[in-house]
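Here's a quick briefing for anyone meeting this structure for the first time. Have a look at the sequence and the model, then read on.

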Amino acid sequence: MTEPAESKPKRILVTGGTGLVGRAIEKVVADGEGRPDEEWIFVCSKDADLTNAAETRALYEKHRPTHVIHLAALVGGLFKNIKYNLDFWRRNVHINDNVLHSAYEFGVQKVVSCLSTCIFPDKTTYPIDETMIHNGPPHDSNFGYSYAKRMIDIQNRGYFQQHGWRFTAVIPTNVFGPHDNFNIEDGHVLPGLIHKVYLAKKNGTALTVWGTGKPRRQFIYSLDLARLFVWVLREYDEVEPIILSVGEEDEVSIREAAESVVEAMDFRGELIFDTTKSDGQFKKTASNGKLRRHLPDFQFTPFKRAVKETCDWFNTHYATARK
C-alpha cells in the first residue's frame, strides 16, 4: 500500500468516462475548466472490467492516478431496476469495492464517487439532506442499486476512520444532457421522453407518457453537474457526501418535464398519460443548502434551455446516440 502523495501534477482517472456525466466532465475540462497541472484520463468498460479485482488493479497500475472520479455503475430506469435488483446490487458492490480499494492500495489522494438520491429512505420528511441517508430503507423498486450506492458512503467512512483517507461522494438529483442513454425501456425519465417525442413526431402518432405525470423531480443538467464535480474534486474536503442539485423551488412534475420536451421538439400531436404504468416514487425533494453554503453564487442552466440543448443534441446525433 502506497502513502498518498501530494506531488503535482494531478493525474485524474475518471471511471465510466464515456457515459453521460463523464462526457460532460470531459467537455467542461476541454472548454476551459481544466488546469495546466491536471492530466485527465477517461476510461470505460472496454479499458477494464471493474467487477474484476485484477483488471481494476491493472488499470491503476497502468495510469497511476493521484485522484479518481468514480462514475462507473450498472444503471437503468425504473422497470429495469424492478426486474433485476439482485444484479444491480452485486455488480455495483463489486465495482465500488474494487475501485475504492485499489485507490487505497495505490495511494490515491482523493476519490469522488457518484451516488444517487434514490439512496434516501422511502418514508421520510422533505426536503431530504445529507444527514438522512441511512435513516430507513430506500424505495422497494430499486433497493439493490440503492443499497449498493449507500455502501460507498459506509466504505468512505471506513477508509477515513481506519486509515485517514479522505474519500467522499456526491449525490446528484436526476441528471440529463447530451450523451445520455435515450433507451425508452431502460433509460431514465427525461431521455426516454425525448426519444418518445422524437418517434411520435416522426411517425405522426400521439405521445404516451407512462404514469400519471404527477411525480415531481429535480433535474440537473449534466454540464452543470460536471462543473460541480470538478469543484468537489479540487475544493471539497469532507468525507460526508454533498447533494449536487438545483433548489427545491426548481422541482418539476413529470407532466411539466414532458411539456418542456414537447415544446423543445416542436411536437404538435396529442399527449396521453398511461395511468396503468407505475409512477415509482412520488417525490424525493432534496435540499441543496449545503452546496449553497459552499457555492452561494453558482448559476444553474435554466431547465427549459438545458432541455432544448439536449433535444437539439439528440436530433443531431440520433443515428449514433445510445438508445
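Leaving aside neighbours within four places in sequence, Pro-241 is in contact (heavy atoms within 4.5 Å) with Leu-115, Glu-130, Ile-133, Asp-153, Thr-168, Ala-169, Ile-171, Tyr-236 and Lys-290. Keep in mind that this is a predicted model, where local features need pLDDT of at least 70 and side-chain atom pairs count only at pLDDT 80 or more, while totals for chains, interfaces and linings use all residues. Residues are numbered from 1 along each chain as its sequence is written, and side-chain values use heavy atoms, with hydrogens and water left out.

**More on Pro-241**

- You'll find Pro-241 in the loop between α7 and β10 (242-244); helices (H or I, at least four residues) and strands (E, at least two) are DSSP runs, numbered from the N terminus.
- Pro-241 has 4% relative accessibility, so it counts as buried. Buried means under 20% relative accessible area, exposed means over 50%, and partly exposed is in between (1.4 Å probe, protein chains only).
- Val-307 is 66 residues from Pro-241 in sequence, and the two are 27 Å apart in space, C-alpha to C-alpha.

**The chain as a whole**

- The chain has 10 helices and 12 strands.
- Its radius of gyration is 19 Å, close to the 20 Å that the globule rule gives for 323 residues, so the chain is as compact as a globular protein of that length. That radius is taken over C-alpha atoms, and the rule is 2.2 Å times the number of residues to the power 0.38.
- Along its principal axes, the C-alpha trace spans about 60 × 40 × 40 Å.
- How much of the chain is buried? Of its 323 residues, 54% count as buried.
- Take the contacts between residues at least 6 apart in sequence: 82% of them join residues at least 24 apart.

**Surface and charge**

**Cysteines**

- A search of the whole structure turns up zero disulfides; a disulfide is a pair of cysteine sulfur atoms within 2.5 Å.
- For Cys-44, the closest cysteine sulfur is in Cys-114, and at 17 Å that's too far for a bond. Cys-44 is partly exposed, at 21% relative accessibility.
- For Cys-118, the closest cysteine sulfur is also in Cys-114, 10 Å away and too far for a bond. Cys-118 is buried, at 5% relative accessibility.

- Which residues of helix α1 (residues 20-33) are buried? They are Leu-20, Val-21, Gly-22, Ala-24, Ile-25, Val-28 and Val-29.
- These buried residues pack against β2 (38-42), β3 (67-70), β6 (174-176) and α7 (222-235).
- Gly-16 sits in the loop between β1 (10-15) and α1, and is partly exposed at 24% relative accessibility.
- Not counting residues up to four places away in sequence, Gly-16 touches Gly-22, Val-43, Leu-71 and Ala-72.

- Most residues other than glycine have a negative phi, and most peptide bonds are trans.
- The peptide bond from Tyr-126 to Pro-127 is cis, with omega near 0°, and Pro-127 is in the loop between β4 (110-114) and α5 (143-163).
- Arg-64 isn't a glycine, but its phi is positive, near 45°. Arg-64 lies in the loop between α2 (53-63) and β3 and is partly exposed at 41% relative accessibility.
- Asp-266 has a positive phi of about 55°, and it isn't a glycine either. Asp-266 belongs to the loop between α8 (254-264) and β12, and is partly exposed with a relative accessible area of 39%.

**Thr-275**

- Thr-275 is in the loop between β12 (271-274) and α9 (289-294). With a relative accessible area of 57%, Thr-275 is exposed.
- Trp-210 is 65 residues from Thr-275 in sequence, but their C-alpha atoms are 6.7 Å apart.
- Leaving aside neighbours within four places in sequence, Thr-275 is in contact with Gly-211 and Thr-212.
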